[in-house]
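Open the model in your viewer and keep the sequence panel beside it. This tour goes stop by stop: what to select, then what is there.

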Amino acid sequence: MRIRKKKWARPELAACPFYVHEPKTAAGTWGERFKKQQPIHLDLGCGKCTFLAKLAHREKDVNFIGIDISEDILGVARRNMEAEFGEDPVENVNLLSYNIEKLDTLFASSEKAARIYVNFCNPWQKAGDHKRRLTHTRQLNTYKKVLAPGGELWFKTDNTDLYLATQRYLSEAGFEILCKTDDLHSEDAPGNIQSEHEVMFTAEGIKTKAIIARWNGEPETPERVSTEQAEKVENTAE
């Protein structure tokens, strides 16, 4: 989904105290970018931050990093964040524009996230585009570089094919699925915060599928290494 160009977005982001202007230089500095030393959670493809704004305002004991490729959409996110916080300063959130495929370059080896959120990402329906999915095996292997042992991936989607494929991707990447559901709103999930897309799809009668998985920090198994090697050969052939 394309978002219209917003001339006001960049000037407002330039004056925003919780926007990271030079993300390429952020590695090794995250401890200095938040007021308090707290666990870090990542929201990948945070969009307009309808979800993240409510989550960050509710959970002040967590530091959140919201990442999206579009500065135009992050301009809207900044406004939503400040609207949610009201008169309270936004001290536990950093927003930045970056390519999620290069997520590991944002962090030093000593910096680890406790949780990653991926909500309603592009399902990339064509078989040739599957590797672009934010839950594809090779992307999960990137997440493992920034997740602390025991770190979790929280995933939601409206797309059944992506929901089923993500379970396979998680297994291939060595994640342990803690829970899953093909109808989140029928479950007892009182703490669930709905994203913009979740509200929209629910109104259309489309069920929200959800998975929570954990990376235990286990060493690579021969089977997993073989999978990655085969993937490299396939990428070279392309």
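**Stop 1: two annotated residues**

Select Lys126, in the loop between strand E4 (113-119) and helix H5 (137-143). Keep in mind throughout that this is a predicted model. Why start with Lys126? The UniProt annotation "binding site", from an unreviewed entry, covers Lys126 and Asp158. Of this set, Asp158 is taken in by the lining of the largest pocket.

Is Lys126 buried or exposed? Lys126 is exposed, with a relative accessible area of 64%.

Now select Asp158. Asp158 sits in the loop between strand E5 (147-157) and helix H6 (160-172). Its relative accessible area is 22%, so Asp158 is partly exposed; the cut-off for buried is under 20%.

Which residues does Asp158 touch, leaving aside its neighbours within four places in sequence? Show Phe120, Phe201, Ile206, Lys207 and Lys209: Asp158 is in contact with each.

**Stop 2**

Phe120 lies in the loop between E4 and H5. With 9% relative accessibility, Phe120 counts as buried. Check its backbone too: phi of Phe120 is positive, about 50°, although the residue is not a glycine. Most residues other than glycine have a negative phi.

**Stop 2: the sheet**

Switch to cartoon view and colour the strands. Seven strands form an open sheet, in the order E3-E2-E1-E4-E5-E7-E6. The pairing is mixed. At the edges are E3 and strand E6 (176-181), each pairing on one side only. From one strand to the next, the twist averages 15°.

**Stop 4**

Select residues 93-97, which are strand E3. How many residues of E3 are buried? Five of the five are, so E3 is largely enclosed by the rest of the structure. E3 is also an edge strand.

Show the side chains. In a regular strand, side chains alternate between the two faces of the sheet. Val93, Leu95 and Ser97 point one way from E3. Asn94 and Leu96 point the other way.

**Stop 3**

Find two pairs along them. Ile65 stands opposite Asn94 in E3. Asp68 has Ser97 of E3 as its bridge partner.

**Stop 6**

Select helix H3, residues 50-58. H3 lies across strand E1 (40-44), E2, E3 and E4. Relative to E2, H3 runs at about 170°.

Which residues of H3 are buried? They are Phe51, Leu52, Ala53, Leu55 and Ala56. Their cover includes E1, E2, H4, E3 and E4.

Finish on Cys49, in the loop between E1 and H3. Cys49 has 0% relative accessibility, so it counts as buried. Look at the backbone here as well: phi of Cys49 is near 65°, a positive value in a residue other than glycine.

How values were computed
Residues are numbered from 1 along each chain as its sequence is written. This is a predicted model: local features need pLDDT of at least 70, side-chain atom pairs count only at pLDDT 80 or more; totals for chains, interfaces and linings use all residues. Side-chain values use heavy atoms; hydrogens and water are left out. Buried means under 20% relative accessible area, exposed over 50%, partly exposed in between (1.4 Å probe, protein chains only). Helices (H or I, at least four residues) and strands (E, at least two) are DSSP runs, numbered from the N terminus. Two strands pair if DSSP finds at least two bridges between them. UniProt positions are given in the numbering used here, feature names are shortened, and annotations may be inferred rather than shown by experiment. On a 1 Å grid over the protein atoms alone, a cavity is a set of points where a 1.4 Å probe fits but cannot get out, and a pocket is an open set with protein on both sides within 12 Å along at least five of seven lines; lining residues have an atom within 4 Å of a point. Contact means heavy atoms within 4.5 Å. Axes are lines fitted to C-alpha atoms, for helices over the stretch in contact, and angles run from 0 to 180 degrees between N-to-C directions.
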